[in-house]
Amino acid sequence: MDQTAFLIGFSVMAIASLVIYATGSKTFPSRHHTLMHASVPFIAATAYLAMAFGFGNLTLDSGSTVYLARYADWSITTPILLAGLVMLAFHEHGKPGEMGGFLTAIIVLDVMMIITGLVSSLAETAAAKWVWYLWSCAAFLGVVYLLWGPLRTMAANRGSALAGAYNKNVALLTVVWFIYPIVFLVGPEGLKIITDPSSVWAFLVLDIIAKVFYAFYAAANLEKALDHTRRTGTVK
């Protein structure tokens, strides 16, 4: 266990949560995005604190360690990030129940991706590990399809500025999220190409990008788009 990485993760996430909320917009229609993005690193900080104290850290017979707090974190924070993208795609529009349908579908796929990833990490046989890993990847591809297919089309109907903000945000999050299963695959829970400390540090860097950097990046893109629509009146 690399406690230094966990303590750094806790410190970065805790401070970032405060900064994101303090600097974020508190007015409609941006305030809910501020609250959501501030909550993500707070949840991550809680997970890193748990891992630092060894809570939920399981050592398997194979010698690899499974960090249950990490999966608990992902099962909450990734749906929040996806919800932000869905709300941006709709931007206060859509038929009654339509946004709820997309939210349900994408969150179910996302949570199933996390759960099946956890099952893969706990599997002791190579066959079971691969089956559950590939099933987790299938769920992830379902999430990607919704983001880049119907939701991207929905965002395009909100005007070029908001569509541009959506495309930038979803592009960054997709690229970062594609790296997570690669780190999992080569890490101690997968092919054991890299060591546990290396895996911990890699996930820490990815978490900082996906939960801290992305929060500021997404907020800047949204504010720029909203400012454009206010000046031009192009929002639909």
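Predicted model: local features only at pLDDT ≥ 70, side-chain atom pairs only at ≥ 80, totals over all residues.
**Notes on buried charges, a cavity and a pocket**

1. Lys211 and Asp73 pair up through their side chains in a salt bridge, 2.8 Å from N to O; the term here means a side-chain nitrogen of Lys or Arg within 4 Å of a carboxyl oxygen of Asp or Glu. This pair ties together distant parts of the chain, with Lys211 in helix 8 and Asp73 in helix 3, 138 residues apart. Helices are DSSP runs (H or I, at least four residues), numbered from the N terminus. Residues are numbered from 1 along each chain as its sequence is written, and side-chain values use heavy atoms, leaving out hydrogens and water.

2. Asp207 and Lys211 are four residues apart in helix 8, so about one helical turn separates them. Lys211 is buried at 3% relative accessibility, and Asp73 is buried at 3%; buried means under 20% relative accessible area, exposed over 50%, partly exposed in between (1.4 Å probe, protein chains only).

3. The search of the whole structure finds three salt bridges. Another of these joins the side chains of Glu189 and Arg70 (3.9 Å, N to O). Glu189 sits in the loop between helix 7 and helix 8, Arg70 in helix 3, 119 residues apart. Glu189 is buried at 3% and Arg70 at 4%.

4. Have a look inside as well: the largest cavity holds about 340 Å³ of space. On a 1 Å grid over the protein atoms alone, a cavity is a set of points where a 1.4 Å probe fits but cannot get out, a pocket is an open set with protein on both sides within 12 Å along at least five of seven lines, and lining residues have an atom within 4 Å of a point. Grid points are joined across faces, edges and corners, and volume is the space filled by probe spheres set on the points. Of the 20 lining residues, Trp74, Met113, Ile114, Tyr180 and Pro181 lie nearest the cavity's centre. Helix 3 gives the largest share of this lining, five residues.

5. The largest pocket has a volume of about 210 Å³. Its lining has 19 residues, with His33, His37, Ala215, Ala218 and Ala219 nearest the centre. Helix 8 contributes the largest share here, seven residues.

Conventions: Helix = DSSP H or I, 4+ residues; strand = E, 2+ residues; numbered from the N terminus.
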